[in-house]
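Subject: Structure handover

Hello,

Here is the structure you are taking over. Please have it open while you read the notes below.

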Amino acid sequence: MEKKEPKKTGLLLIALFLGYTMVYIDKLSVGYSLIPISTEFGLEPAAKGMIMSAFFLGYAIMQIPMGLVINKVGSRVVLIGSVLGMGLFSLLFGFGTSLIMFMSLRFLTGLLAHSGYASSASKEITMNFPPEKRTFAQGILLSSSGVAGFIGPLALSPIITNAGWKNAYLILTGLAVAIAIFLIIAIPRNEKSKEKQEAVVTKTEKISILVIWSDVRVWILFLSAFFINCLLYGLSSWVPSFLTGERGLDLNGAAVISSVSGLFMLVGSIGGSYVVGKFFQNKEKAVVAIFAILGALSSFGSYYVQNLVLLAIVMGLANFFLIISFVTMMSIPLRIFEGAKFAPSYGTLATGGILGGFVSPTLIGKLVEMSNGQYISTFIFFLVVGLLTAVTIMFIKQK
């Protein structure tokens with residue numbers, strides 16, 4: 001039995017990683033598919049931003065209720081249902097014919113499919129991995145953003161270019177179903193007893209949400225997460241349109257540059273988190289501030305880079321700096337919140353990050369329209385929110 005246990009947890013980790021990769025590819029796909037969709041249906045930049053933001057609105061609304069759902073039906077059911085939901089809404093999105101329909105489907109994708117995956121995956125890690133292995137396991141899952149950022153553009157853009165955006169969503173549906181089947185096989189079914197034990201502990205340590213919200217550190221992290229996600233999601237959502245619009249690249253060329261950024265993110269999320277965890281204990285807020293500034297300056301500077309090879313490197317560095325800042329920021333709550341305070345505190349600051357993803361795409365769409373299709377105001381926005389991240393996080397007291 002002892003020999004079988006590592007195999008089971010290894011299979012579980014692979015399945016959760018693939019599910020996370022599907023999460024990020026689904027988010028990434030919209031930035032590329034909206035380029036031909038906007039041409040086909042005559043959508044203005046503001047309308048494209050509204051479609052992107054609708055997803056995050058649904059995501060934010062369902063964060064707290066989904067926590068109750070997970071406690072009620074179990075993380076296994078929510079994980080499998082989330083990935084199947086992504087497949088279903090990808091299928092329906094491929095049949096979209098209007099702005100309202102596209103917005104509604106992305107809203108429902110965030111509300112019903114994405115909202116429960118991260119929390120459920122973390123719960124599975126907690127129930128199936130010993131404490132000394134949980135941080136590494138969680139780091140592996142988060143590195144899926146870099147994998148998806150590297151592979152996703154290179155795979156999606158040729159499919160969209162050659163087979164059309166509708167067929168691309170059919171392929172995403174098939175991928176989601178395959179991953180859901182893998183999750184069904186890999187996730188242990190005997191989780192109820194573990195969840196009951198956790199429930200007993202939770203009931204003995206209840207705390208009012210007003211107590212949580214009276215802690216100024218929660219709101220400092222809320223604002224920091226909001227600002228940095230405005231930058232991260234703004235880059236991932238709008239860079240394809242910037243490259244194909246103002247820079248005149250085709251979709252495949254834009255995908256190559258974006259995939260370089262994904263590779264930099266992969267290195268940053270794994271290597272950066274390891275270095276910070278090993279050498280910068282209790283200095284996390286300084287790391288967040290420094291790398292947020294470097295990321296903001298790199299993002300802003302990339303607008304003025306004309307050479308495409310250099311542009312790919314500068315955008316890659318921007319994503320490298322920003323993912324280190326983000327991952328380090330999300331490790332701070334693990335040190336300053338304990339017991340019953342942790343989950344609601346973490347949920348509050350996570351909501352701030354999601355709201356950043358909601359506000360940024362629509363605001364950038366408006367900025368592009370007001371600038372007559374030029375993106376300079378967008379990159380100024382990236383610079384401002386990056387600097388605001390650095391300023392805000394310095395007010396946090398870690399001890």
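A search of the whole structure finds 24 aromatic pairs, where rings of Phe, Tyr and Trp (its six-membered ring) pair if their centres lie within 6.5 Å. One of them joins F93 and F102, with ring centres 5.0 Å apart and planes at 50 degrees, so this pair is tilted; planes under 30 degrees apart count as stacked, over 60 as edge-to-face and the rest as tilted. F93 is buried, at 2% relative accessibility, and F102 is buried at 0%. Buried means under 20% relative accessible area, exposed over 50%, and partly exposed in between (1.4 Å probe, protein chains only). Ring pairs also link W238, F242, F300, Y303, Y304, Y375, F379, F381 and F382 into a cluster.

Some background on the model. It is predicted: local features need pLDDT of at least 70 and side-chain atom pairs count only at pLDDT 80 or more, while totals for chains, interfaces and linings use all residues. Residues are numbered from 1 along each chain as its sequence is written, and side-chain values use heavy atoms, with hydrogens and water left out.

Overall make-up

The protein chain has 18 helices and zero strands. Both are DSSP runs numbered from the N terminus (helices H or I, at least four residues; strands E, at least two). Of the chain's 399 residues, 52% count as buried. Among contacts between residues at least 6 apart in sequence, 86% join residues at least 24 apart; contact means heavy atoms within 4.5 Å.

Helix packing

Helix 3 (residues 63–73) packs against helix 4 at an angle of about 120 degrees, with the axes 6 Å apart. Axes are lines fitted to C-alpha atoms, for helices over the stretch in contact, and angles run from 0 to 180 degrees between N-to-C directions. Helix 3 is therefore oblique to helix 4; angles under 35 degrees count as roughly parallel, over 145 as roughly antiparallel, 65 to 115 as roughly perpendicular and the rest as oblique. M66, V69, I70 and V73 of helix 3 make this contact with S75, V77 and V78 of helix 4. By class, the residues of the contact of helix 3 with helix 4 are six nonpolar, one polar and no charged. Here Ala, Val, Leu, Ile, Met, Phe, Trp, Tyr, Cys and Pro count as nonpolar, Asp, Glu, Lys and Arg as charged, and the others, Gly among them, as polar.

Helix 4 (residues 75–93) also meets helix 6 (residues 117–128): their axes come within 9 Å and cross at roughly 140 degrees. Helix 4 and helix 6 are therefore oblique to each other. Their crossing is left-handed, a term used if the near helix is turned anticlockwise from the far one by less than a right angle, with right-handed used if clockwise. From helix 4 the residues S75, R76, V78, L79, S82 and V83 take part, and from helix 6 Y117, S120, A121, K123, E124 and M127. The contact of helix 4 with helix 6 has six nonpolar, three polar and three charged residues.

Helix 8 (residues 144–163) and helix 9 (residues 165–186) have axes 7 Å apart and pack at about 130 degrees, which makes helix 8 oblique to helix 9. L156, I159, I160 and A163 of helix 8 meet W165, N167, A168, I171 and L172 of helix 9. Their contact has eight nonpolar residues, one polar and no charged.

Single residues

- T348 is in helix 17 (residues 342–370) and is buried, at 8% relative accessible area. Not counting residues up to four places away in sequence, T348 touches W213, V218, W219 and F222.
- G356 is also in helix 17 and is buried at 0%. Its C-alpha atom is 6.3 Å from that of F227, 129 residues apart along the chain. Beyond its neighbours within four places in sequence, G356 is in contact with F226, N229, C230 and P361.
- S258 is in helix 13 (residues 251–279) and counts as buried at 12%. Leaving aside its neighbours within four places in sequence, S258 is in contact with Y32, G149, P153 and V239. The C-alpha atoms of S258 and V239 are separated by 7.8 Å.
- N372 lies in the loop between helix 17 and helix 18 (376–393). N372 is exposed, with a relative accessible area of 69%. Its phi is near 55 degrees, a positive value in a residue other than glycine.

Regards
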